[in-house]
Amino acid sequence: MVLSNIKSKWFLLVISIYLIIGFYLLYVTYSKSFINIEVKEENGEWLVVDSYYRDWATKQQIEAGDIILNVDGTEINNISNIKYDFVLRAANDLTIKKPNGNLIYVHIKPQDIPQQFYYVLIAPTCYYFLTLIISLYLYFKQKDNPLVNLLIFFILTVSLAYVSIGVSGRLDNIGTIVNRSSMLLCLVLLIHFLKKYFLFLNLKWIFINNIKIFYILPLIAVFLSICSILYPFTNPIFSSLTLCIFFTLLIVILGILGISYFKFKTPQLKILLSSIIIPFLPFLFLYALPKIFFNKQILSADIASLFLIFIPYSFICTQLTERIFDMEYFITRLRHYFNFSFVFTIWLLMGLYWLTDLSISSMAKIFFFTFFSLIALFYIKEKIDYHKRKILFSTKGDYIHRLYTTVDSIGRVVKIEDLLERFVQEIALHLEIKHVYVLTYDLQRHQVTSTSTSKEFTQNQLNEIQLEQLRLGDIKKTEHFYIAFIHQDVNYKRILVVDHNKSIYLKDEELLWLELLLLYVNNFIENTKMVEDLLEQLKHMKEADKSQLPWLNKLLWLRFEKEKYQLAQELHDTVLQEQLHIAREMDVFIHAKKKTDIQSGLTKIHEHMITSLNDLRGYCENLKPPLLDTLGLNAALEKLIQKVHKRADFVLIYTIDRLYLEDERLNLMIYRLFQELLNNALKHSYANTVEIHLLETEEGFEIIYSDDGVGCEMDDIILAESMGIRGMQDRVQAFHGQFSINTNVGEGMSIRIKVIERNFTHSYDYDTYHKRPTPSRG
């Protein structure tokens with residue numbers, strides 16, 4: 001409790017400092033317009049050489065050769081920085097003498113210069129408050145997480161560095177100190193965060209361990225800034241020195257992330273490398289390095305720093321370890337757009353360079369505008385193409401997918417009548433035909449009844465002989481209709497009728513799609529009738545002996561009792577024992593007399609309680625994987641493997657392909673197989689190396705497991721159930737998969753599991769029992 005209060009006070013202190021400094025920086029930024037006019041001295045007079053905002057200068061009739069007399073009512077010679085900086089940075093009022101002797105008075109408002117109004121005023125202000133909101137969110141979301149605390153300090157420092165750019169450009173003393181120190185402090189905090197994050201991921205830290213020594217660098221920046229205030233002529237030197245240190249730190253961070261990613265191949269590092277470091281690169285290569293080596297800039301600091309806005313959004317997506325896997329797909333797709341956009345933009349700039357005489361600065365602006373516009377265009381086009389795909393692309397190659405979606409849709413209903421109704425709806429939707437019906441032909445009475453409510457059929461409209469001659473898979477075209485066989489039993493024949501109205505002709509691929517679909521529907525009806533017969537038989541058996549089918553009840557009861565016993569035994573041996581130990585310790589402290597003993601004892605009890613809660617959470621996650629439903633199979637497996645890493649004495653090598661499975665039940669089966677295989681490795685293998693791979697195949701997936709452990713006899717595997725082999729076999733066989741195992745004493749164990757998704761039939765779980773079995777798709 002005391003520790004929590006201390007952390008809360010520190011957080012309040014940090015936020016208070018952030019608010020005080022930030023409001024001061026924003027006030028200074030809004031108080032005086034940033035104009036950045038380059039000047040030179042001739043015969044004691046200061047002449048205009050060039051203006052950064054040329055359009056504004058032209059509009060105000062400020063030209064090269066004009067003489068600046070006064071700035072905000074002060075003679076220009078009295079401005080301290082002008083004699084060594086040769087740049088008039090900020091002003092609200094100017095008095096200018098033209099070469100012909102005329103005087104002009106220029107009053108400057110922030111909105112008069114749109115570029116500086118948005119880049120120096122609006123964007124930093126939005127970024128400042130956005131960072132504040134995100135910091136508060138992260139703090140209250142994970143209050144006691146040291147990693148999150150470092151993230152908060154990092155993004156707050158980045159925000160101050162960004163907001164202080166305009167103030168530092170005005171050579172404000174406090175703004176200069178804040179800008180230079182925060183530039184270095186944010187990178188030091190990032191290095192500190194990376195070390196903690198590597199520890200969190202159980203990765204070896206490849207840089208020096210004593211990170212605290214780097215915190216001297218921001219203090220050095222503060223000292224140099226104070227020196228530049230006392231001795232203004234040193235300001236350009238110390239500014240370049242700060243940029244050099246910033247460049248060095250950023251290279252160190254890039255090296256750490258790059259080398260670590262190629263060494264460990266961890267997805268989290270790839271996400272950090274792309275989403276955190278990339279926003280710094282425009283500032284580094286378009287402002288810092290040109291300024292250091294050539295004393296010129298391709299883009300101004302305010303424009304190059306706009307990319308820092310992406311950093312808070314990166315942390316929103318990466319604040320939790322599991323969330324990183326959500327980003328991997330989008331980053332891969334963004335890389336695809338990036339390649340096309342970059343190549344075309346370079347081609348465009350080459351043409352502009354050849355045909356025009358644009359400056360490097362203008363070319364850089366065109367590059368970024370075109371580049372990001374193209375990325376946005378590709379993304380929007382993808383969304384629009386998806387919705388307009390029917391008019392953009394031929395559907396010839398899409399019938400397999402449409403067949404599956406139709407089968408999946410009609411397979412979810414329970415009754416035969418509902419199945420036929422859904423079948424008609426799907427046919428009308430995919431063939432884009434309004435009049436589709438199902439007829440029931442009575443073989444005894446030779447009568448036809450229709451499901452249609454909008455149109456009545458008569459004997460004259462349909463040829464009775466054709467109806468009787470239709471066989472499975474037949475599709476006949478008549479003068480008014482396409483008719484097709486659906487299903488036949490002793491009394492009735494069901495016929496599909498598609499009214500083409502002499503204007504609609506089904507293509508060959510559409511007829512083939514319809515024929516395959518009819519075969520599926522026929523199987524659906526047959527399977528449904530078989531299940532209904534089975535349930536009817538069970539009902540009669542139950543009524544005959546007036547019991548609850550004792551053989552089935554016994555089987556289910558024994559299964560449930562076995563699972564409950566195993567769970568109870570594990571809870572008794574772990575969590576319950578821990579709770580009893582805590583209770584005994586509490587009993588001792590109740591009768592303790594020394595307060596010091598109580599304080600130290602309570603700390604130990606708190607640690608035991610945390611351990612016990614973590615164990616209990618582990619059991620809950622084993623019973624119901626929390627990430628499987630929300631973030632998907634890959635995230636759940638990565639989380640499981642992280643836990644195994646912490647407990648394992650062996651080297652674990654793994655591969656997890658991203659699977660695109662239509663049946664979501666397979667995800668749970670794969671997770672349980674991984675869980676059982678890794679638990680066996682932890683408890684029984686005594687291996688030095690364990691390999692487990694989830695591989696995508698053309699029609700399903702494959703799991704390959706191997707270890708170099710003690711192994712065992714195959715006969716022992718068959719007889720023993722403690723290793724969970726029987727349970728894994730049952731799971732795989734339920735989906736008509738292949739399960740093979742190879743092991744010998746002293747030779748380790750290898751297991752190979754292969755499942756073809758289209759091969760499995762329905763599995764009877766609780767939900768399917770109360771609805772209807774999911775039919776086969778093979």
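## Helix H24 and its partner H26

At 1.5 Å a residue, the 21 residues of H24 should span 30 Å, and the end C-alpha atoms lie 29 Å apart, so the two values agree. This is a predicted model. H24 covers residues 665-685.

H24 packs with helix H26, residues 725-734. Their axes come within 10 Å and cross at roughly 160°. Angles over 145 degrees count as roughly antiparallel, and H24 and H26 are therefore roughly antiparallel to each other. Their crossing is left-handed.

## The five-strand sheet

Five strands form an open sheet with mixed pairing. Their order is E13-E14-E15-E17-E16. Two strands sit at the edges: E13 (651-656) and E16 (738-743). Each of these pairs on one side only. From one strand to the next, the twist averages 5°.

What joins E13 to E14? Six bridges do, and the two strands run parallel. E14 spans residues 689-696. Within this part of the sheet, Ile-653 stands opposite Glu-691 in E14. In a regular strand, side chains alternate between the two faces of the sheet.

## Strand E1 and its neighbours

With E2 (residues 45-51), the pairing is antiparallel and runs over six bridges. Lys-40 stands opposite Leu-47 in E2. E1 and E2 form a hairpin with two residues between the strands. There Asn-43 takes a positive phi near 55°.

Strand E5 (residues 87-90) is joined to E1 by three bridges. This pair also runs antiparallel. Here Glu-38 stands opposite Val-87 in E5.

Helix H4 runs over residues 114-141 and has 28 residues. From first C-alpha to last, H4 reaches 38 Å. That is close to the 40 Å expected at 1.5 Å a residue.

Where does H4 kink? The kink lies at Ile-122, shortly before the proline Pro-124. The bend there is about 30°.

## Helix H6 between two contacts

Helix H6 (residues 173-200) packs with helix H8 (residues 235-264). The angle is about 15°, and the axes are 9 Å apart. Angles under 35 degrees count as roughly parallel, and so H6 is roughly parallel to H8. The crossing of H6 and H8 is left-handed. The residues of this contact divide into 18 nonpolar, four polar and one charged.

H6 also meets helix H5 (residues 146-169). The axes of H5 and H6 come within 8 Å and cross at roughly 160°. That angle makes H5 roughly antiparallel to H6. The crossing of H5 and H6 is left-handed too. By class, the contact of H5 with H6 has 19 nonpolar, eight polar and one charged residues.

Methods
Residues numbered from 1 in each chain as written. Predicted model: local features only at pLDDT ≥ 70, side-chain atom pairs only at ≥ 80, totals over all residues. Heavy atoms only, no water. Helix = DSSP H or I, 4+ residues; strand = E, 2+ residues; numbered from the N terminus. Expected span 1.5 Å × (residues − 1). Bend = angle between axes of the 7 residues up to and from the residue. Axes fitted to C-alpha atoms, helices over the stretch in contact; angles between N-to-C directions. Parallel < 35°, antiparallel > 145°, perpendicular 65-115°, else oblique. Left-handed = near helix turned anticlockwise from the far one by under 90°. Nonpolar A, V, L, I, M, F, W, Y, C, P; charged D, E, K, R; others polar. Pairing = 2+ DSSP bridges.
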